[in-house]
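This report walks through selected local features of one protein model. Keep the sequence and the 3D view open as you read.

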Amino acid sequence: KCRTGPLDIVFVIDSSRSVRPFEFETMRRFMIDIIGNLDVGPNATRVGVIQYSSQVQNIFSLKTFFTRADMEKAINSIIPLAQGTMTGLAIQYVMNVAFTTQEGARPLHKRIPRIAVIVTDGRPQDRVTEVATHARNAGIEIYAVGIQRADMNSLRAMPPLEEHVFLVESFELIQQFGKQFQDKLCGVDMCVEQEHGCQHSCISTPGSFYCECNPGYRLNMDGKTCSPIDACADGRHGCQHQCLSARGSYSCHCRAGYRLNQDKRSCSMIDFCSFGNHSCQHECVSIPNGHYCRCRSGFMLQPDGRSCHDLCNGVDHGCEFKCVSMGSSYRCVCPEGRRLQADGKTCSKCGAGHVDLVMVIDGSKSVRPQNFELVKQFVNRIVDLLEVSPDGARVGLVQYSSRVRTEFPLNKYHSADEIKKAVMEVEYMEKGTMTGLALKHMVEHSFSELEGARPLSYNVPRIGLVFTDGRSQDDISEWARRAKESGITMFAVGVGKAVEEELRAIASEPVEQHFSYSADFTTMTHLVENFKLNVCPEEGKGVTEIRSPCECEALVQFQTNTVAILQSLTEKNILWDAWACWACSLAQMTARLEDLEKQIANKK
């Protein structure tokens with residue numbers, strides 16, 4: 001038995017077409033005989049076998065088998081490749097694959113000899129000198145065995161030493177070479193024959209030896225003595241606080257006031273508040289080696305360090321809505337959507353810029369693409385009226401046709417520019433007109449706190465504006481009623497073929513202030529100002545000039561305005577709509593004159 005030390009041996013067998021079957025059987029016997037005289041095992045000698053011709057095939061690697069029986073069975077199962085003779089390719093494979101740690105070779109620092117035994121019967125069809133040099137530089141010891149027709153120069157190009165080159169006259173003599181080869185590998189056990197000087201362990205190799213240290217120690221520069229490994233020194237221990245080294249291992253420890261977690265590396269602060277003896281009125285906060293008391297928002301910690309006091313309960317603060325304590329002082333706050341006035345106590349009244357507004361726009365096919373762009377411009381003019389911010393006005397947009405789609409909820413954007421940009425990017429649906437379904441979506445989803453609506457307790461007005469151009473294909477009455485019952489102020493805006501009865505059903509009371517109509521998409525800009533005045537009545541307060549409808553100036557002004565409208569609409573080739581608009585304007589003007597007459601009569 002070869003017992004002078006562990007080896008990593010890979011047999012590289014030529015199975016080209018020139019190797020006859022009985023000759024290949026002799027190769028099998030050669031490998032089996034060599035392995036039979038080796039001390040094989042995971043911690044002894046490891047063996048791998050590859051065959052090559054025009055390609056390389058791995059029969060088994062250094063990590064595959066650790067018994068001679070398994071190796072012999074695998075060797076007897078080899079089927080020759082019977083192609084060319086690419087010896088250089090085989091050596092390249094040995095260096096790049098066979099002797100890697102992934103394939104079972106032990107690391108170089110272990111100093112286990114890496115031996116490649118190359119058996120070939122012919123001349124290589126590729127270059128071997130350069131790749132053999134690289135293999136030797138990588139620490140691989142090559143034995144070259146040539147059979148009969150082998151090129152001696154190619155054999156000598158592989159190993160550097162003449163005693164590693166063998167030329168066998170025939171396959172019948174290869175077994176005699178096996179005995180010579182075994183003598184090369186198995187020499188005197190140097191660890192036994194001489195004083196090695198190793199402090200811990202001596203490992204024998206063919207003709208030499210090396211020293212090895214026990215676990216937890218490293219070999220010193222003299223190659224013989226050993227020193228304890230400081231496992232904390234390399235910084236890879238992962239201890240959060242402190243690392244303590246002990247014979248090649250380590251343990252983690254925590255600083256005072258902390259305890260080690262289950263991962264044995266990280267530390268958590270000890271929760272002194274959990275002991276139940278802190279006596280804090282509100283909150284206890286743990287710190288290393290102790291704790292302190294903390295009051296909830298709106299309270300101040302008292303000198304005893306435990307109790308809390310609300311300043312707003314002990315002073316006449318005068319806040320209209322709510323007083324909030326701040327340390328040793330206090331301040332007044334207003335409901336969301338209303339601003340604190342200059343006196344620091346009262347709140348603003350008008351909510352024009354402080355609303356939750358959801359606009360529901362008709363995207364049915366009757367609107368048409370060019371008019372849908374005008375609808376988006378109308379929406380953005382509404383946005384321009386508002387003071388958009390997280391604490392001011394919030395705006396959401398819903399489009400509907402045969403289905404309903406939230407374009408963006410109330411909490412999506414926080415500035416007018418962001419909203420206007422998003423509006424212009426909305427894509428036109430172009431299908432049916434399910435206004436009832438849109439109202440249901442608005443009530444159930446758009447004004448939920450999940451989508452950004454502020455709680456009802458904040459008293460922020462909820463406004464829904466529905467824009468449509470035609471009759472709904474479903475019933476609107478139930479969800480129009482539910483919208484208003486839920487506290488939503490509903491505005492209805494109709495254009496073109498919108499049905500007045502449906503618009504009035506959607507609008508809140510008084511209907512006349514929450515319902516608007518325009519005969520044409522291009523003439524609906526006047527609806528924007530009406531919306532502003534109805535949302536915030538304070539915007540429209542002031543002295544109203546009352547003039548007699550019979551005065552010449554009033555009649556002339558009416559005639560001038562009417563002619564200007566007709567001329568503008570005629571230039572746009574929409575004469576029919578112009579007459580409709582003229583009729584609508586005339587009706588509105590007549591109603592206005594009647595209203596003025598009543599006011600004059602009442603004053604008299």
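## Disulfide C254–C267

C254 and C267 form a disulfide, with 2.0 Å between their sulfur atoms. The model is predicted. The torsion about this S-S bond is about -90 degrees, so the link is left-handed. C254 lies in the loop between β12 and β13 (258–260), and C267 lies in strand β14 (residues 267–269). The pair therefore ties together parts that are 13 residues apart in sequence.

Are these two cysteines buried or exposed? C254 has 18% relative accessibility, so it counts as buried. The cut-off for buried is under 20%. C267 is buried too, at a relative accessible area of 10%.

## Other disulfides

How many disulfides does a search of the whole structure find? The count is nine. A disulfide is a covalent bond between the sulfur atoms of two cysteines.

C198 and C211 form one of them, with their sulfur atoms 1.9 Å apart. The torsion about the S-S bond is -80 degrees, and the link of C198 and C211 is left-handed. This pair links distant parts of the chain. C198 sits in the loop between α7 (190–193) and β7 (201–205), while C211 sits in strand β8 (residues 208–212), 13 residues apart. Both C198 and C211 are buried.

C239 and C252 also form a disulfide, and their sulfur atoms are 1.9 Å apart. Here the S-S torsion is about -75 degrees, so the disulfide of C239 and C252 is left-handed. This pair, too, links distant parts of the chain. C239 is in the loop between β10 (226–228) and β11 (242–246). C252 is in strand β12 (residues 249–253), and the two are 13 residues apart. Both C239 and C252 are buried.

## Aromatic pairs

A pair of aromatic rings is described by the distance of the centres and the angle of the planes. The count in this model comes to five aromatic pairs. The rings of F60 and F65 have their centres 5.2 Å apart. Their planes stand at 65 degrees, so F60 and F65 are edge-to-face. The cut-off for edge-to-face is over 60 degrees. F60 has a relative accessible area of 2%, so it is buried. F65, at 21% relative accessibility, counts as partly exposed.

F378 and F467 form a tilted pair. Their ring centres are 5.7 Å apart, with 45 degrees between the planes. F378 lies in helix α8 and F467 in strand β24 (residues 462–468), so this pair ties together parts that are 89 residues apart in sequence. F378 is buried at 6% relative accessibility. F467 is also buried, at 1%.

## Arginines over rings

Which residue lies over the face of Y258? R255 does, at 5.9 Å from the ring centre. A second case involves tryptophan: R482 lies over the face of W479, at 4.3 Å from the ring centre.

## Backbone exceptions

Most residues other than glycine have a negative phi, and most peptide bonds are trans. R111 is not a glycine, yet its phi is positive, about 60 degrees. R111 is placed in the loop between α3 (87–98) and β4 (114–120). Its relative accessible area is 47%, so R111 is partly exposed.

E430 is not a glycine either, and has a positive phi of about 65 degrees. The loop between α9 (416–424) and α10 (435–446) holds E430. At 43% relative accessibility, E430 counts as partly exposed.

Where is the cis peptide bond? The bond joins E509 and P510, and omega is about -10 degrees. P510 is found in the loop between α12 (500–506) and β26 (515–518).

D391 is in the loop between α8 (369–384) and β22 (394–400). Its relative accessibility is 57%, so D391 counts as exposed. The cut-off for exposed is over 50%. How far apart in space are D391 and H354? From C-alpha to C-alpha, D391 and H354 are 7.5 Å apart. In sequence, D391 and H354 are 37 residues apart.

Conventions. Residues numbered from 1 in each chain as written. Predicted model: local features only at pLDDT ≥ 70, side-chain atom pairs only at ≥ 80, totals over all residues. Heavy atoms only, no water. Helix = DSSP H or I, 4+ residues; strand = E, 2+ residues; numbered from the N terminus. Buried < 20%, exposed > 50% of the residue type's maximum accessible area, 1.4 Å probe, protein only. Disulfide = S-S within 2.5 Å. Phe/Tyr/Trp six-rings, centres within 6.5 Å; stacked < 30°, edge-to-face > 60°. Lys NZ or Arg CZ within 6 Å of the ring centre and 35° of its normal.
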